[in-house]
Amino acid sequence: MRTTLTEKIGEVAVAVFLWGFRILVVSVVIIGTILTIREGKYTGVQWIDFIVFGIARGSIYAMIALGYTMVYGILRMINFAHSEVFMSGAFGGYFLANAMGQSGFLDKYPVLGLVAAVLVGMLVSAGVALLVERIAYRPLRKAPRLVPLISAIGASFFLQYTFRGFFGPGIYAYPNVKVLSGEWNIFGIGILKMQVVVAVAAFIMMAVLYTIVMRTKIGKAMRAVSENKDVAALMGIDVDGIIVATFGVGAAMAGAAGVLYALMFRQVNFFMGFTPGIKAFTSAVLGGIGNVPGAMVGGIVLGIFESIGPALFLDGLGIIRPYQLQDAIAYIMLVMVLLFRPSGIVGEKLTTKKA
Amino acid sequence: MNKQLRLTFGKAVRTGLIGGIVALFLCLVGIVEIFGKRSLIEGLISLGHVFLFLSLLATGFVTASRKSDQAPLGRLWLSLAGTISGAVAGIVLALFMLLGSVINIRAMFIHASPDLYKILSFGRGMAGVWLLLLVGAALGALGALIRVLPSRIQKPLMQGFIGILLVGLFAGLVRPLLVAIPGLPEALGRYLFGQTGLTQGGALITFILIAGIVAFWSARGKTVQARVAKWPRSGQLALRWVFFGLAGVLALTLPLFSGPFIAQVIVLISLNILMGLGLNITLGFAGLLDLGFVAFFAMGAYTVGLLTSYGEYGLAHISFWAVVPIAILVAFMVGAFLGLPVLGMRGDYLAIATLGFGEIVRLLAGSDFLGKWLGGPQGVIGIQKPCLGILGPYVGLGIPRVCHGLELGGPKEIYYLAIICAILVAFVASRLRDSRLGRAWMAIREDEDVAEALGVNLIQTKLLAYMLGASFAGLSGAIFGTLVGSIFASSMQLMVSINVVCLIIVGGMGSIPGVVVGALVLIGLPEAFREFSEYRFLFYGAALIVMMLVKPGGLWPSSIVQRELHLDVKNDTGPNNAPTSAD
């Protein structure tokens, strides 16, 4: 149809606005970076600290992102409750870890203790995710798009406040693992042991997941279901079972991430899942939603960016207390990715699919 | 044994287990304990007991439910099955109590407290375990009975119980009003209502009254309705006017005799209705899930704050009435500003992106970076109250301006402002809905591409949805700012947006009376009753899920949405009837 003048003006206005936004963000980053480097406020060691911290945190985001991306790939819906699955894993591991810490078991056999805590966390979060899938998602699979989305949001709050009801609104502290505190000296630079262990553990688990998805039969089934549910069913795949397995695996990753996060930050609280959840979703979109290695890459990128961001460009621009805006960096990255490259860095075009 | 019987008993056991777990959940989350402090029938049953009993009743009810394709079983067998499932649920709870007497469950679950055990055992200690089993079985049987009884008996019974529940809930609010009037109302108040619930006599009277009315209505109701329908049109209109007139009189005079607490609750409900009407346009009419709605609320509040405050962040010192249009305009523009980037997004992505915007606004408003202008974490304080009269000049920092006239200082006065605004906005919203723009919105909600192909200008229509919704929220924020007198960025949280979304979903998407119902239920209950407020978001979350599963159209659905979701067509594959491969 012929577009009218007002319509043309409207489209031009939108385009100008979007370009203006892009230019604004890019110039903030570039100018800020130049200013900061010129000022030379931070030493090389400090930058390395930031980056390592970013990698550690980013790998946690990556693990959570895997859950988001796999569920989106299969069901084409954002599992809003996934952030609470992450939180439940942290809580699950907490009680075991606390008991082990108090009895001294954790100091005597740290590896065994930590592995046990992570396993318990994975079990708890898998259980929670399966419950949510069964109650809040499965009956609504054929419903219009908005309905399971709202149900997911409801499930998210329900879980948050359930845990608040069970365990109280306070903050629980993970025990201090003596073996993991302190620094290692790598190439003459002091790096926190905890961060290294978290990053390495995360990488190992992600590698395992990747192998499962790419090399095993069940992984093949998962990929088939995410490509086309109905045809997969025709090929003899038990779609419901695979969906349950996907939820379970994604949740296990998130649960392990929860325990690792709690070990790193030492704090467990019913609301802890919200912000990491959004950041993990950002990572998933960054890497291309539905794309498993993409989620891993996206997580690390986001982690590093958010870590060096405040120091790198916000500080240079003279913004006081830039760390307050650290989360804002992640949110702005989210919006930028959704606006300008919804297919993500690694890419998979899913956003403009019809609702 | 008959196969049907075996299946039913199997189902009974399973349902009982689930019911028991649900009851256990209610105990562990603390609902039973905290609601146990508020009694429903004085000295007999507390609200905590009600939650327990409801879950036990429900197991019996569900067990006795038959799917239409299954062969019918005798009432006696069904009642027996109900008893079994109730007993199983009771066993679950009893096991919990036995476990609790051996190990300290409280170390993990903070609400496994002595109070809880007292409630569960009916105050009889470990011997109460047997009582618990008995009560479980009895309630299971009762639940099943209620299900299988003919509707003639079932309806009055159920409504009678529900009536006791509702009246008992509100008894605590009504009693002070009655007792304040000496003579018959006072005596009535003291006899029927206890401090928080009904007295035993009051409960009995309520039950008989409501059951009687329901029984009468189902027997004779149709004839009464038919007779009224035969009245001349003027008579029917007169009836309607009388009804609205009474409601209006009640609404207008309520703050005079109810005290500031109820007035405050109603003001908050009205503000939420305003916001709900705004989001109703964006989400209900146009189908755009905006989770960053609180940003517009914040715009209205901050505009009023910055332009009327006599504190250190007041940019100018204008009267409230002049600022309100400015606040609405600011919110209107911001609606466009935040709507432009997300024009191309759909569904889940739109939700997350708008959530991101809401959070960015909150973080920026509370940051020290913008603290010079917006007050930072300390917020903007000292907001001038509206003045019906002449406002004295700005005297100095931190000193409120004198109002020569009526100052709308507290909730009692702002009550009228809020209600008038709510009515006006509801009127505007209903006109918008019936306008060409409204129909364009609904076209977009159904299918964007088809709408575009039919000539709807997507950009304009979507932007207007955001902008108009934002302006309502801005108005709400403006009134809120002046009500509270100070604004903090920390109160502009995601929770506020979720609040409003819940309101609309529960009340009915796209339905204006639905927004009012949603606000009454979701805001009124937690504000009026502290116990609900403790578990507010737990209930909200559960309400969202249950609503989506059972009644996606909401409590008062809009007829158009009903048609869309195929709720009015039986035997259709709507969300309620979706075939699942399991089950």
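Start with chain B, which is divided into domain 1 (1-148), domain 2 (152-230) and domain 3 (256-568). Keep in mind throughout that this is a predicted model.

Colour domain 1 of chain B and domain 3 of chain B separately. Their C-alpha centres lie 41 Å apart. Now look at where these two domains meet: six residues of domain 1 of chain B are in contact with four residues of domain 3 of chain B. On the domain 1 side, select helix α2 (residues 31-35) of chain B, which supplies three residues, the largest share of the side touching domain 3 of chain B. By class, that side of domain 1 of chain B has five nonpolar residues, one charged residue and no polar ones.

Next, move to chain A and select residues 292-314, helix α12, together with residues 326-340, helix α13. The axes of these two helices are 9 Å apart, and the helices pack at an angle of about 135 degrees. Because of that angle, α12(A) is oblique to α13(A). The crossing of α12(A) past α13(A) is right-handed.

Show side chains for the residues that make this contact:

- From α12(A): L302(A), F305(A), E306(A), G309(A) and P310(A).
- From α13(A): Q326(A), I329(A), A330(A) and M333(A).

Which classes do the residues of the contact of α12(A) with α13(A) divide into? Six are nonpolar, two are polar and one is charged. Colour the contact residues by class to see this division on the two helices.

Technical notes:
Residues numbered from 1 in each chain as written. Chains lettered and ligands numbered in written order. Predicted model: local features only at pLDDT ≥ 70, side-chain atom pairs only at ≥ 80, totals over all residues. Domains from an automatic or database assignment. Contact = placed C-beta atoms within 7 Å. Helix = DSSP H or I, 4+ residues; strand = E, 2+ residues; numbered from the N terminus. Nonpolar A, V, L, I, M, F, W, Y, C, P; charged D, E, K, R; others polar. Axes fitted to C-alpha atoms, helices over the stretch in contact; angles between N-to-C directions. Parallel < 35°, antiparallel > 145°, perpendicular 65-115°, else oblique. Left-handed = near helix turned anticlockwise from the far one by under 90°.
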